[in-house]
Amino acid sequence: MASVLRVLFAALMTFSLGAVASAQAQPAQGEAAAVQAPARPVVRQILVEGNQRVEADTVLSYLLIQPGQYADPRSINLSIQTLFATGLFSDVQIEDGGEIVTIRVQENPIINRVVLEGNRAMDDDKITDEIQAQPRAIFTRARVQSDVQRIIEVYRRSGRFAASVTPQIIELPQNRVDLIFEISEGPVTGVRRINFIGNESFSDRRLRRELVTEESRWWRFFSSNDNYDPDRLEYDRELLRQFYQNQGYANFRVLSAVAELTPDQESFYITITIDEGEVYSFGEVTVTSAIEDLNEEYLEAIVPTREGATYQGQLIEDAIDTVTFAAGASGYAFVNVRPITRRNRETRTVDVEYVIDEGPRVYIERIDIVNNTRTLDRVIRRELDIVEGDAFNRVLIDRSRNNIRRLGFFEEVEITETPGSTPDRARLQVDVSEQPTGELAFGAGFSSTDAFLVDLSISERNLRGRGQFLRLRISASSRRETIDIRFTEPRFMDRNLAAGFDLFRVNSDFLSEASFQTESTGGSIRLGFPVTRQTNLQLRYTLRNDNVIVFSSASQALRNQAGSRTTSVVGYTFQWSRLNDPVEPSDGFRFVLNQDLAGFGGDVRYLRTEIQSAYYHEIFRGWVASFTGNAGFAVGWGGDGIRINDRFFKGGNSFRGFDVGGLGPRTVQRDTSTGELVRGDSLGGRLYAIGAVELTLPSFLPEQYGIRGALFTEFGTLGMLDSADQIDEGTSTIFTVDDLALRASAGLSVFWDSPFGPVRFDFAEAFMAEEYDRTEFFRFSTRTGF
């Protein structure tokens, strides 16, 4: 044991002495090395060679070596990397000559021009906007390769996955190059087939209808949706999810969407694998509010989600909007509505709890109106329901946007909010896109009796950018000549009061319809104002002189109407609108009531009432059903009857399928040989009622073509003459017919936003008509803006 300890002690001492000796030797060796290494000279001058466009001082500014410093290998290497990173040079060399350092550079060429060859299906602008190479820019091969990939990506987005690009470089004097991209576009890569895996509740055909991507077919030459686009396919995945969730499949998933290119590189096979899951229903629906003044029971009653109903994801979004709107209407503009869903797999129900928290209060610091190149700022600002300093209210902002759109001055209206100077301040920016408000309207119509109508009007709905309306209309046809001037100031005396006047001269020749003509000259003044947010009232007074000239061949029913009379009329128009969109409604209703009372002065006494109503409802996306109903009744007082120029005449645009004045009471004569009625003069009526049911259809064409259609059917009646204006059969060879018979028509209307203005074509067949009516199958009208 002692011997072992002695051995260990000796080994430890030997190791310790060796370590001390090594430590003492290291400084001596370092000093020797320092003595042996030669001293590095200080750089006195840096020379730049090979530069043509780039100044020498610019090159020196990128160096990590400066005169008076040492040029060590690390600084030289970093300087080379820095010069390469500028993109100005294709080659850089640094020669360390001790006191003199030489920088040799080779500059990248300058692009003289960029040429695209072979791009027949795509304009140059669409490509040059995507690439970095531009004339007078620096040429680098890395940048050219990047541009090649960008061009290929542009073609892939347009459905040409077989496109290839070859860059060509032509060297020019003075270190310049021409850059040529030779493009082989290849065929349009379509979608040969869309297959689904995992769908049990819905067929492949049904699911394809929910996608934007379509299978390539020869008749889809107007559409580009049958070209494969990976971004569009991602959007289709979201559309499928929305569709299934609105059918009750709360756990629906798209597992994969794979596109496989065919060997000929002309089309794709798309396979979408889905997991439908089970159908769920809404379970318990509750509303929890942190705001005491909000009635939770009332909010639960107005939310569209109902316990026991099939689960629909869209209804939850609608419920959030409903609750937010209700809170805003109650004065709480700053609320956050969070839906908390709990899924019960055993009962297959989804419990929804809407949690309402009062958000931080934010106030409007500033409202900016931009891009109104013509319309005055105050014309737009006066339509806002919110002003600077008010609390931020999303409901009022959306309402203000609709108010501005309702003006009809702008193609697009967007209101966006941005942070203000402090966290409790916000700025609103009203961004508008002006559209033509002047209108040169031209209308023409053809009837079954070869009647021709020309209607020309020049109007300006935004006169001098002040929102004023001015129209000059001239209408001429075989039976009517009209000249009228209308002016409206929408904010009379800077108040929410619309005032205007009308001057008119109308000559009507009803020789083809009845044996008389009328001459009316007069004017009117108008005053309108809102009663509530959805209703408004217009008051008016009209004074005119009507001269009825009856031809010698006229029937006795018309001879009593001859002569000149002065009419003094007071009237009003009451409007009530709850449409979701004032321009293109898809939901809601509109109601209009007109009443005119004549007799306060003048020679004519009557009371005339007209009602117009319309209801719109979107059945599903792009399919809008509407019902319109119009009715009117006129009655004389003080012993007066209704003169022919104050009666209702319907047809043309007011009853498609019938000519103007083509239905209603008429003088006729019975053919003694055949017993048929030979129609004579149209007499108009004191009562009418016309309804129409219309279904607006998507055109299934790209939106840019601006074509849409509508199927319609119209039905109604017109009649009820005064007894003094009726002639019974048997008392004369010419007698009147006034039976209030039901008329009906059906057809198709086509609307086209053509390059020269909107065009409307009406094709209608009157399948219920009296033998003495005048029908019309085709009518078109158009107008153009400026």
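In this predicted model, Arg464 is found in the loop between β17 (452-463) and β18 (468-477). The phi of Arg464 is near 55 degrees, a positive value in a residue other than glycine. Arg464 has a relative accessible area of 57% and is therefore exposed, since the exposed class begins over 50%. Arg348 lies in the loop between β11 (335-344) and β12 (349-358), and Arg348 has a positive phi of about 55 degrees although it is not a glycine. With a relative accessible area of 40%, Arg348 is partly exposed.

In the hairpin of β2 and β3, two residues lie between the strands, and Gly98 takes a positive phi near 85 degrees. In the hairpin of β25 and β26, two residues again lie between the strands, and here Gly622 has a positive phi near 90 degrees.

Strand β2 (residues 89-97) runs antiparallel to β3, and eight bridges join the two. Gly97 stands opposite Ile100 in β3. Strand β3 (residues 100-107) also pairs with strand β1 (residues 45-49), in this case in the parallel sense, over five bridges. On that side, Glu49 stands opposite Arg104 of β3.

Strand β24 (residues 587-602) pairs with strand β25 (residues 606-620) in the antiparallel sense over twelve bridges. The hairpin that joins β24 to β25 passes through three residues. Asp587 has His617 in β25 as its bridge partner.

Aromatic residues come next. A search of the whole structure finds 15 aromatic pairs. One of them joins Tyr244 and Tyr249, whose ring centres are 5.3 Å apart and whose planes stand at 80 degrees, so the pair is edge-to-face. The reasoning rests on two cut-offs: rings pair if their centres lie within 6.5 Å, and planes over 60 degrees apart count as edge-to-face. Both Tyr244 and Tyr249 are buried. These two tyrosines also belong to one aromatic cluster, formed by Phe202, Phe243, Tyr244, Tyr249 and Phe252.

Phe655 and Phe658 form an edge-to-face aromatic pair as well, with 5.0 Å from centre to centre and 75 degrees between the planes. Phe655 has a relative accessible area of 0% and is therefore buried. Phe658 counts as buried because its relative accessibility is 0%.

Arg656 lies over the face of Phe712, at 3.8 Å from the ring centre. The charged end of Lys650 sits over the ring of Tyr688, 4.2 Å from the centre of that ring.

The largest cavity has a volume of about 40 Å³, and its lining consists of Gly652, Arg656, Gly657, Asp762, Ala764, Glu776, Phe777, Phe778 and Arg779. The elements that give two or more residues to this lining are β33 (757-768) and β34 (778-785). By class, three of the lining residues are nonpolar, two are polar and four are charged.

Two pairs of positions show how residues separated in sequence are placed in space. Val191 is found in strand β7 (residues 190-197), and this valine counts as buried because its relative accessibility is 0%. Val191 and Asn227 are 36 residues apart in sequence, with 6.0 Å between their C-alpha atoms. Gly308 lies in the loop between α8 (296-302) and α9 (313-329). With a relative accessible area of 55%, Gly308 is exposed. Between Gly308 and Val350 there is a separation of 42 residues in sequence and 9.7 Å in space, C-alpha to C-alpha.

Methods: Residues numbered from 1 in each chain as written. Predicted model: local features only at pLDDT ≥ 70, side-chain atom pairs only at ≥ 80, totals over all residues. Heavy atoms only, no water. Phe/Tyr/Trp six-rings, centres within 6.5 Å; stacked < 30°, edge-to-face > 60°. Buried < 20%, exposed > 50% of the residue type's maximum accessible area, 1.4 Å probe, protein only. Lys NZ or Arg CZ within 6 Å of the ring centre and 35° of its normal. Pairing = 2+ DSSP bridges. Helix = DSSP H or I, 4+ residues; strand = E, 2+ residues; numbered from the N terminus. 1 Å grid on protein atoms, 1.4 Å probe; cavity = no way out; pocket = protein on both sides within 12 Å on 5 of 7 lines; lining within 4 Å. Points joined across faces, edges and corners; volume = space filled by probe spheres on them. Nonpolar A, V, L, I, M, F, W, Y, C, P; charged D, E, K, R; others polar.
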